[in-house]
Amino acid sequence: MSKQRTLSIIKPDATARNLVGKILGHFEQAGLTVVAAKMMTLTPEQAGQFYIIHKDRPFYGELIDYMCSGRVLVSVLEGEDAVNLNRTLMGATDPKKAAPGTIRALYAESIAANAVHGSDSAENAATEVKFFFPELK
Ligand code: CMP
């Protein structure tokens, strides 16, 4: 497996609790490098477009409201098998099901306020990186 990139979002519940440094530490300690990052407050248009794949899910409205409720740190992580490695570091979407020591087990509050987002496939990673960092080479 060669070097790969994935998109990470540290979500409003985690930025509000000053967990940015701790969460980035998980990525860096595991060998991932932050190659781009920006702190931002998403507009409903941005969040709605980013999560368009979930538009028919019952939680879509709640997800968009939540993602716009505070600052997020959007970053691109690079390293060997970055997509899967980041998913392992994050743990399951529902923090109650996340393995001990994972970011969501340690820091997430609920399935909606679950501390982090990470791309779920190499194909989606490419789309998501381009969405937030169109200029990134
Ligand atoms: P994320 O990895 O950002 O991708 C989609 C998000 O939708 C997911 O993390 C959760 O935060 C959210 N989500 C998934 N399932 C539910 C649910 N049942 N209720 C509320 N939010 C959910």
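Predicted model: local features only at pLDDT ≥ 70, side-chain atom pairs only at ≥ 80, totals over all residues.
## A tour of the ligand and its pocket

Around the ligand stand Lys11, Tyr51, His54, Phe59, Glu62, Leu63, Thr93, Arg104, Ile111, Ala112, Asn114 and His117. Colour this shell by residue class: five of its residues are nonpolar, four are polar and three are charged.

Next, show the side chains that come up against ligand oxygen atoms. Select lysine 11: an N or O atom of its side chain lies 2.7 Å from an oxygen atom of the ligand. Move to arginine 104, where the distance from a side-chain N or O atom to a ligand oxygen is 3.3 Å. Then pick asparagine 114, whose side chain also has an N or O atom 3.3 Å from an oxygen of the ligand. Taken alone, the ligand exposes 460 Å², and the protein buries 81% of that.

Now hide the ligand and look at the space it takes, which is the largest pocket. This pocket holds about 770 Å³ of space. It is lined by 27 residues, and those closest to its centre are Tyr51, Ile53, His54, Leu63 and His117. By class, the lining has ten nonpolar, ten polar and seven charged residues.

Finally, switch to a cartoon view and find the elements behind the lining. Select these in turn:

- α3 (44–50), α4 (60–67) and α5 (82–90), each of which supplies at least two lining residues of the largest pocket.
- β4 (116–118), which likewise supplies at least two.
- α7 (122–132), another such element; with four residues, α7 gives the largest share of the lining.

How values were computed:
Residues numbered from 1 in each chain as written. Heavy atoms only, no water. Near = heavy atom within 4 Å. Polar contact = N/O pair within 3.5 Å; in protein donor to acceptor, adjacent residues only side chain to side chain. Areas by Shrake-Rupley, 256 points an atom, 1.4 Å probe, with all protein chains shown as cover. 1 Å grid on protein atoms, 1.4 Å probe; cavity = no way out; pocket = protein on both sides within 12 Å on 5 of 7 lines; lining within 4 Å. Sits in = over half its atoms within 2 Å of the grid points. Nonpolar A, V, L, I, M, F, W, Y, C, P; charged D, E, K, R; others polar. Points joined across faces, edges and corners; volume = space filled by probe spheres on them.
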